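Here is my note on this model. Please keep the structure open as you read the points.

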Amino acid sequence: MSDSRVHEFDGIYLGGSMIPAVGKLKLATNGLAWRNSNTGNIITVLQNDMKKFSWYRVAKNYEVKLQCNNGIIYKFDGFTKEDYEGLASFIKSHYHIVLEQKELSLRGWNWGRTEFQGTQLSFLVGNRQVFEIPLTEVANTTSTRNEVALEFTQPESGNKRIKEDTITEMRFYIPGMATIHTEGEDLEKSIKKINTDNEDSENLVLGEDGEAMTAAAVFHDTIKQKADLRMVTGEGIGSFQDLLCLTPRGRFEVDFYPTFLRLRGKTHDYKINYVSVIKLFLLPKPDEMHMMFVVGLDPPIRQGQTRYPFLVFQFARDEEIDITLQIDEELLKTKYEGRLQKSYDAPTFEVVCSIFKGLTGQKVIVPGNLYKSHHLHHAVKCSLKANESYLYPLDKSFLFIPKPPTLISHSEIGSVTFSRVGSGITNTRTFEMKFNMKNGVDYQFGGINREEYPALNEFLQLKKIKVKNELLEENTLNFHDELSSSDDEDDRRLGRIGDDMGDNDEDSSGN
């Protein structure tokens, strides 16, 4: 710091995210810059963009909080008490801003009020801050009448999970209704909790349906708005409206960004990092009218206590879309290496599948030719417990969709048992197939039509999976007898599904 026009500090942490990073902070007359010691990434803020500086006593010595004119907030941790005088003098002389000393609340109370500052949510007791939440890290938010839950994006470091403890969820209890008590004031600053039986209801906040909104509902809507990263990241790459999702059930808007996607529903809003996408499946539905696109996630998304490790989308085969991605040609060649196109004009399921593949770098798994059902489909209809869905025998796994999505890897199967349930003429029409897993867990699929037995048994033999057959030999022979006498005219009438899938096996791209 020999030059009075430049201040440098080593070992300064960049806060405001789930993964604090250490680096060097340099303050110059025209602005400041922070450089990550590990990655070399640089964050710069020009003098004209600076709005407010604050000084806090925090866990890592002292912190400087910078609020910018566009609402973005930066936090720099790791200063010593002795750094204050020099920093305050430099900031006042060159940036013409006073470095304000702030004190945090140490009362330990969990009842207070909230304030929104740019992309930060502050919780205050009295006029002192207790903690702040970076809304850019909110992966999902849900609300009930008096409660709002925030779920946070879980950090990743390459393919290895961060070993430190991280917060996954936080809940706010907000009773009463919402009122606007100052006309023209920002809604986020004018939420007031009142009793539901208050006779003065002329200033109640009304929703789109004309009904009065609870304070929790207004708070929830504000969180969703503030967690929208468009103002930070610019326009997204592309967006799809009103996509039907079978699991979790609902219609969603899907917005693609460079490193993550947002899944927006009527009551749920998720942020999903592309590194969390570990599997992609494109599967024809046996009704010959729809395609199902499955996205495997780790970690899974959550709705309350329910976890969803798979997203199952359904598309009409004949639905087409014309879309142009907001990516320049140079970036398509350098970053995505031809995995994405500038524009698409094709069936919607193909376009969505191609964009997912290009942005995540994952292969798209499609059915191979080793298995065809009695009706020449790629799946067999059956039930898992009380849920009736479709079981797809794939090259390296079995996948049961849409509900509950269940993936069974061939390598984890100890054996498969065929059995009949009960006795009598009615029960001879169906059979059960139980997967005995090496880890001791069993998956039992029932209600399988007896005509499906030969194809399933042959597929298991080809995959060298051990089979235990508890079906009576007589009934097994009847299966073969009836299949050999099936009407050839019916076989010709059943068309082969998924011509667009070609001869792709499970390792194919599915484009």
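1. Start with one term. A salt bridge is a side-chain nitrogen of Lys or Arg within 4 Å of a carboxyl oxygen of Asp or Glu. Side chains of opposite charge can pair when their charged atoms come close. Keep in mind that this is a predicted model.

2. Now apply the term. K24 forms a salt bridge with D10, and the closest N and O atoms are 3.7 Å apart. That value passes because the cut-off is 4 Å. The pair links distant parts of the chain, 14 residues apart. K24 sits in strand β2 (residues 21-28), and D10 sits in strand β1 (residues 6-14).

3. Are these two partners buried or exposed? K24 is partly exposed, with a relative accessible area of 37%. D10 is exposed, at 59%.

4. How many salt bridges does the whole structure hold? A search finds 16. One of them joins R171 and E147, with the closest N and O atoms 2.8 Å apart. R171 lies in strand β16 (residues 169-173) and E147 in strand β13 (residues 147-152), so the pair ties together parts that are 24 residues apart in sequence. R171 counts as partly exposed, at 40% relative accessibility. E147 is also partly exposed, at 29%.

5. That pair does not stand alone. E147, E169, R171 and R302 are linked in a network of salt bridges.

6. Look next at D395 and K463. Their side chains meet in a salt bridge of 2.5 Å, N to O. Both partners are in loops. D395 is in the loop between β28 (387-393) and β29 (397-401). K463 is in the loop between α6 (453-462) and β34 (467-469). D395 is partly exposed at 23% relative accessibility, and K463 is partly exposed at 21%.

7. Turn to the interior. In soluble globular proteins, nonpolar side chains tend to be buried together. Here the largest nonpolar core has 41 residues. Which members touch the most other members? They are F256, F293, V295 and F313. Helix α5 (residues 348-360) gives the most to this core, with seven residues. Apart from it lies another core, of 28 residues, among them I72, L87, A88 and Y95.

8. Leaving out residues up to four places away in sequence, F313 touches L243, L244, C245, V254, L263, M291, M292, F293 and V295.

9. Check helix α2 (residues 215-226). At 1.5 Å a residue, its 12 residues should span 16 Å. The end C-alpha atoms are 16 Å apart, which agrees. Nine of the 12 residues are buried, so α2 is largely enclosed by the rest of the structure. The buried residues are A215, A216, V218, F219, H220, T222, I223, K224 and K226.

10. Finish with S409, in strand β30 (residues 406-409). The side chains of S409 and S411 are joined by a polar contact of 3.0 Å. Beyond four places in sequence, S409 touches K396, S397 and M437. M437 is 28 residues from S409 along the chain, yet their C-alpha atoms are separated by 9.5 Å.

Definitions and conventions
Residues are numbered from 1 along each chain as its sequence is written. This is a predicted model: local features need pLDDT of at least 70, side-chain atom pairs count only at pLDDT 80 or more; totals for chains, interfaces and linings use all residues. Side-chain values use heavy atoms; hydrogens and water are left out. Helices (H or I, at least four residues) and strands (E, at least two) are DSSP runs, numbered from the N terminus. Contact means heavy atoms within 4.5 Å. A polar contact is a pair of N or O atoms within 3.5 Å; within protein, one must be able to donate a hydrogen and the other to accept it, and residues adjacent in sequence count only if both atoms are side-chain atoms. The expected span of a helix is 1.5 Å times one less than its number of residues. Buried means under 20% relative accessible area, exposed over 50%, partly exposed in between (1.4 Å probe, protein chains only). A nonpolar core is a set of buried Ala, Val, Leu, Ile, Met, Phe, Trp, Tyr and Cys residues joined through side-chain atoms within 4.5 Å.
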